[in-house]
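Student: Please take one part of this structure and go through it closely. I want the cut-offs along with the picture.

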Amino acid sequence: MTIGKSRKLTLGPKASVEQIAKLRAAGLRPTRQRLGLAAILFGPKDRHVSAEKLHEQASAAGIRVSLATVYNTLHQFTELGLLRELSVDGIRTHFDTNLADHHHFYCEEDGELIDIEDGSLFVGGIPQPPEGTKQKCIDVIVRVSRR
Ligand SMILES: [Zn+2]
């Protein structure tokens with residue numbers, strides 16, 4: 001057995017104090033797997049992920065977690081209001097860490113979602129909602145393709 005400088009243990013990204021607090025405040029036990037996934041999801045930048053994409057990123061970061069657990073965790077986070085679920089293509093569900101009302105560009109070739117900058121899209125002429133309903137939100141998806 002050799003223990004050299006080259007042997008490095010990969011423990012995955014560390015969850016921050018805020019991330020642990022976020023999970024606890026939401027009533028979720030901060031398990032190692034949840035913390036690992038939270039560390040990937042709730043970084044300084046907002047992001048969009050599918051369960052498959054997050055599973056890949058978790059594996060790359062050295063977090064051992066099954067796709068089913070990633071899927072369940074994403075849904076738990078969504079139910080607790082930590083993520084927003086976006087259905088854009090009927091194939092897979094995307095999850096967004098940006099909870100504010102906003103619109104998206106969607107690239108159908110690779111499934112990438114990009115936030116449309118706040119205030120750069122205006123929606124007009126919205127009809128009265130049907131009797132007994134009220135408008136909840138407006139989600140605009142602008143479909144794009146790579147040139
Ligand atoms: Zn978004």
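Tutor: A residue is buried if 20 or more other C-beta atoms lie within 10 Å of its own, exposed if 12 or fewer, and partly exposed in between; the C-beta atoms are placed from the backbone. Helices (H or I, at least four residues) and strands (E, at least two) are DSSP runs, numbered from the N terminus. The model is predicted: local features need pLDDT of at least 70, side-chain atom pairs count only at pLDDT 80 or more, and totals for chains, interfaces and linings use all residues. Residues are numbered from 1 along each chain as its sequence is written.

The part I pick is helix H4, residues 67–79. First, its setting. The protein chain has four helices and six strands. From the N terminus on, they run α-α-β-α-α-β-β-β-β-β. Of the 147 residues in the protein chain, 19% are buried.

Now H4 itself. It has 13 residues. From first C-alpha to last it reaches 18 Å, close to the 18 Å expected at 1.5 Å a residue. That expected span is 1.5 Å times one less than the number of residues.

Four residues of H4 are buried: Val 70, Thr 73, Leu 74 and Phe 77. Seen down the axis of H4, they fall within an arc of 100 degrees, so they line one face of the helix. The arc is that of the directions from the helix axis to the C-beta atoms. The face turned away from this buried side carries Ala 68 and Glu 79, both exposed. Just after H4, Gly 81 takes a positive phi of about 80 degrees.

What covers the buried residues of H4? The cover includes H2, H3 and strand S3 (93–96). Contact here requires two C-beta atoms, placed from the backbone, within 7 Å.

Take H3 next. It spans residues 51–60, with Ala 51, Leu 54, His 55 and Ala 58 buried. Seen down the axis of H3, these fall within an arc of 105 degrees, so they too line one face of their helix. They pack against H2 (32–41), strand S1 (48–49) and H4.

A nonpolar core is a set of buried Ala, Val, Leu, Ile, Met, Phe, Trp, Tyr and Cys residues joined through C-beta atoms within 7 Å. The largest one has 17 residues. Those with the most contacts inside it are Leu 37, Ala 38, Leu 54, Val 70 and Leu 74. H2, H3 and H4 each supply at least two residues of this core. H2 gives the largest share, four residues.

S3, part of the cover of H4, belongs to a sheet. Three strands form this open sheet in the order S1-S3-S2, with antiparallel pairing. S1 and S2 (84–87) stand at the edges, each with a single partner strand, so one side of each is left without a neighbour in the sheet. Two strands count as paired if DSSP finds at least two bridges between them. S1 and S3 are joined by two bridges. His 48 stands opposite Asp 96 in S3.

To recap, one face of H4 holds Val 70, Thr 73, Leu 74 and Phe 77, all buried. The cover over these residues includes H2, H3 and S3.
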